[in-house]
There are 2 protein chains.
Amino acid sequence: MTSSTQENPLELFSEFLAEHGLRMTPQRRLILEVFLEHGGHLAAEELYDCVRQLDPSVGQATVYRTVKLLAESGLAKAVRFDEGVTRYEPKHGREHHDHLICVRCRRTEEILDERIEKLQEELARKLGFVLTGHKMDLYGICSKCRRKEQEKD
Amino acid sequence: MTSSTQENPLELFSEFLAEHGLRMTPQRRLILEVFLEHGGHLAAEELYDCVRQLDPSVGQATVYRTVKLLAESGLAKAVRFDEGVTRYEPKHGREHHDHLICVRCRRTEEILDERIEKLQEELARKLGFVLTGHKMDLYGICSKCRRKEQEKD
DNA sequence: CTGGTTGCAAATCGTTTGCAGCGCT
DNA sequence: AGCGCTGCAAACGATTTGCAACCAG
């Protein structure tokens, strides 16, 4: 149970920082905690708002810089939906997944389909590419929002 | 051959404008022409550069505004890769497709796999969503770039 | 004429960066 | 002491908006 993939994120982040000649600080610790606790797809700006409530002295530049480090360390993953902002989701110990987003209420489901993943590989290989990653976002209207719209009619 | 889906884009755009109480202008005509002729995934800024070469009096705000109208009219489709800019591709009369992007040289292939499309529908339906659209970008290294990298070793 | 359209410049949004001071190690 | 870290504010790139002059219907 002490295998490296199950170490806690804080330690992993500290290790990453140390390996790169960087340091763990109270701000970074706090930002990481808030980020992990929230869980969802947080924009840097939103993360900043959350962090500020716990410690108003933290600057937004620090949040932006830290969230980038989290992405580099592999603890966070940057995701971009059809808006103009970069969001981050916790990645440590989590399986790869894609997203199903409700265009009305913005609720987001995580999805995964092995058959699709296989077909993606196959498709890329046929065109001479070696896949390094992919993103797939499905947009639709969730059942709750459809119900709401029917009530209006 | 005069069916509405095969009308030429200029007419379609004029119709769209008229239906919305808007007007066709020389600037809009020029921007549409340049956009269609280029064909690729053009950012508004790049489109502005092209247009400016033909008519330096056109302002960039006009280009940004027009490209948005094109997207609303259905003649263009906004695509966002992993950069920070919105690109537009001609959509009129074109089949839906996804993208396979080389992370080294940024070359982009258009791809389509019916099996994947079907699975996407199925996946969404299972979760109670009605799909309105999707985006799938595959990232990889193309054969040309792989060859280049091997030469360096 | 009227109301949409234009170019310009200023404003905005999300994000990055320069810098002087601070705090680990 | 040295080097990374911080908050601040200014800078940034992409995009949007306010406005007065302009022009299409």
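This is a predicted model: local features need pLDDT of at least 70, side-chain atom pairs count only at pLDDT 80 or more; totals for chains, interfaces and linings use all residues.
**Entry 1: salt bridges, overall**

I started with charged side chains. Opposite charges can pair when the charged atoms come close. I searched the whole structure, and 20 salt bridges turned up over all chains.

**Entry 2: B:Arg52 and B:Asp49**

I looked at helix α3 of chain B, residues 44–54. B:Arg52 and B:Asp49 form a salt bridge there, with 2.8 Å from N to O. How far apart do the two sit along the helix? They are three residues apart, so about one helical turn separates them. B:Arg52 comes out at 35%, so I noted it as partly exposed. B:Asp49 is at 32% and goes down as partly exposed too.

**Entry 3: B:Glu83 and B:Arg87**

Next I took the salt bridge between B:Glu83 and B:Arg87, where the closest N and O atoms are 3.1 Å apart. Buried or exposed, what is B:Arg87? I have it as buried, because its relative accessibility is 12% and the cut-off for buried is under 20%. B:Glu83 has 23%, so I wrote it down as partly exposed.

**Entry 4: B:Glu122 and B:Lys126**

I moved on to helix α5 of chain B, residues 114–126. B:Glu122 and B:Lys126 make a salt bridge with their closest N and O atoms 3.5 Å apart. The two are four residues apart in the helix, which again means about one helical turn. B:Lys126 is exposed at 62% relative accessibility, while B:Glu122 is partly exposed at 23%.

**Entry 5: aromatic pairs**

Then I turned to the rings. I describe such a pair by the distance of the centres and the angle of the planes. My search over all chains gave two aromatic pairs. In chain A, the ring centres of A:Phe13 and A:Phe16 lie 6.5 Å apart with the planes at 10 degrees, so I logged the pair as stacked. Both belong to helix α1 of chain A (residues 9–19), three residues apart, about one turn of the helix. I found A:Phe13 and A:Phe16 both buried.

In chain B I looked up B:Phe13 and B:Phe16. Their centres are 6.5 Å apart and their planes stand at 10 degrees, so this pair is stacked. I placed both in helix α1 of chain B, residues 9–19, with three residues' separation, about one turn. B:Phe13 and B:Phe16 are both buried.

Methods:
Residues are numbered from 1 along each chain as its sequence is written. Chains are lettered from A and ligands numbered from 1 in the order in which they are written. Side-chain values use heavy atoms; hydrogens and water are left out. A salt bridge is a side-chain nitrogen of Lys or Arg within 4 Å of a carboxyl oxygen of Asp or Glu. Buried means under 20% relative accessible area, exposed over 50%, partly exposed in between (1.4 Å probe, protein chains only). Rings of Phe, Tyr and Trp (its six-membered ring) pair if their centres lie within 6.5 Å; planes under 30 degrees apart count as stacked, over 60 as edge-to-face and the rest as tilted.
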